[in-house]
Amino acid sequence: MRADHSGRKEAREEGQEARRLLARAHAENAFAAGEAILEVRDLVKHFPLTQGILFKRQVGAVKAVDGVSFDLHKGETLGIVGESGCGKSTVAKLVTHLEEPTAGTIRYKGNDITRASGRALKAVRRNIQMVFQDPYTSLNPRMTVGDIIGEPFDIHPEVAPKGDRRRKVQELLDVVGLNPEYINRYPHQFSGGQRQRIGIARGLALRPEIIVADEPVSALDVSVQAQVVNLMERLQDEFGLSYMFIAHDLSVVRHISDRVGVMYLGKLVEVGTEAEIYEHPTHPYTQALLSAVPVPDPEAEGKRERIVLEGDVPSPANPPSGCRFRTRCWKAEQRCADEVPLLAVPSLYEKADSGAAHPSACHFAEERSAVVAA
Ligand SMILES: Nc1ncnc2c1ncn2[C@@H]1O[C@H](COP(=O)(O)OP(=O)(O)O)[C@@H](O)[C@H]1O
Ligand code: SF4
Ligand SMILES: [Mg+2]
């Protein structure tokens, strides 16, 4: 009797799985794993700096994002890393259409969505969801968890008709590892890690294809960080999600990222696979960031050279000419002040069969074995 029951359950689950896969293939227009689901080109966001109270006049601009290009492939995780203020959140807001770009294009599955409006914008917002940094402030304290997670259904009732919402929300709670009976509780009744799970459940509600997670674990204890990262990995497999995973620290994104992009002062300075960035970094800024990441092996840790960057990050309202990193770079020469380095495979490695053969925006890009993590 029991065996029969579990056999039926299995068959039902298989049927559900097949329907889910079919529905997904249909929704994606047979969009294959590995294809660029998002293509970002020369993205720029300048925030005007104004003076005067009655008669505001523009006296400059904060160049928060200043010519950023990358692809996000179906099913991959692209980590974006850089110090606070380098423009990571602005990139996230541009990609999720919470901000309008000053210039540049964003293509989603081959369609230009940069200035999408009306129904097209609604569809984009449904498919590209954001998970925010701080679970303490991003959840409305006066709403129950059920209302928070179910809120996106108000805008997209087609995903969950009114009578079906409670069940859908409980399913989502279960999916992120929370007790479905907590549906009527308030955010303050949860721990930081649990709140981030609520944020993730809300991000998943509309069954998006892309999740842009802006420092989703930065506010959490280290032990809880790993749990949330593991949950996100599991959900990625389960729902075929593509992630942009933002962090200010290279150690956080290593585990989850297929590729990593390093940002400095509004620009991407190096992009590569996980192995290329962590084992063969060629940009001095990446090398400096990596030298600050502790290595588990104490012997290797002892031998490691630490690069301490001097000075502060310059203001994005008035970035240095040429290479923006030059005011803190130990390798800077005159050429660095005169010429903007392009994000391209360094000529030194162009023909080399080496992990160093990946894009790096430095005139003197070179591996520096002493800082490579063991
Ligand atoms: N709405 C805004 N108005 C003016 N300046 C902004 C605005 N949002 C961000 N900035 C500025 O843009 C730069 C990049 O910010 P942000 O994208 O939040 O960086 P990150 O997420 O990497 O810390 C910072 O100098 C920040 O002060
Ligand atoms: S271009 Fe010059 S200043 Fe910029 S990272 Fe390379 S060596 Fe340093
Ligand atoms: Mg930020």
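How many residues of helix α11 (residues 284-291) are buried? Select that stretch to find out: eight of its eight residues are buried, leaving α11 mostly covered. Here, buried means that 20 or more other C-beta atoms, placed from the backbone, lie within 10 Å of the residue's own. Helices are DSSP runs of H or I with at least four residues, strands are runs of E with at least two, and both are numbered from the N terminus.

Before moving on, a word on what you are viewing: this is a predicted model, where local features need pLDDT of at least 70, side-chain atom pairs count only at pLDDT 80 or more, and totals for chains, interfaces and linings use all residues. Residues are numbered from 1 along each chain as its sequence is written, while chains are lettered from A and ligands numbered from 1 in the order in which they are written.

Still on α11, the buried residues include Pro284, Tyr285 and Leu290. Now show what covers them: α9 (250-254), β9 (259-264), β10 (267-273) and α10 (274-279) are included.

A residue counts as around a ligand if its C-beta atom, placed from the backbone, lies within 6 Å of it. (Ala, Val, Leu, Ile, Met, Phe, Trp, Tyr, Cys and Pro count as nonpolar, Asp, Glu, Lys and Arg as charged, and the others, Gly among them, as polar.)

Next, go to ligand 1. Its surroundings include Phe47, Val62, Gly87, Lys88, Ser89, Thr90 and Pro316. Two elements give two or more residues to this shell, β2 (57-73) and α2 (88-95). Of these, α2 gives the most, with three residues. The ligand 1 shell has five nonpolar, six polar and one charged residues.

Last stop: select α7 (residues 192-204) and α8 (residues 222-239). Their axes, lines fitted to C-alpha atoms over the stretch in contact, come within 10 Å and cross at roughly 20°, on a scale from 0 to 180 degrees between N-to-C directions. The two helices are therefore roughly parallel, a label for angles under 35 degrees. Residues making the contact (C-beta atoms, placed from the backbone, within 7 Å) include Ile200 and Leu204 of α7 and Leu231 and Leu235 of α8.

Zoom out to finish: the protein has 13 helices and ten strands, and 37% of its 374 residues count as buried.

Key
Angles under 35 degrees count as roughly parallel, over 145 as roughly antiparallel, 65 to 115 as roughly perpendicular and the rest as oblique. Two residues are in contact if their C-beta atoms, placed from the backbone, lie within 7 Å. A residue is buried if 20 or more other C-beta atoms lie within 10 Å of its own, exposed if 12 or fewer, and partly exposed in between; C-beta atoms are placed from the backbone.
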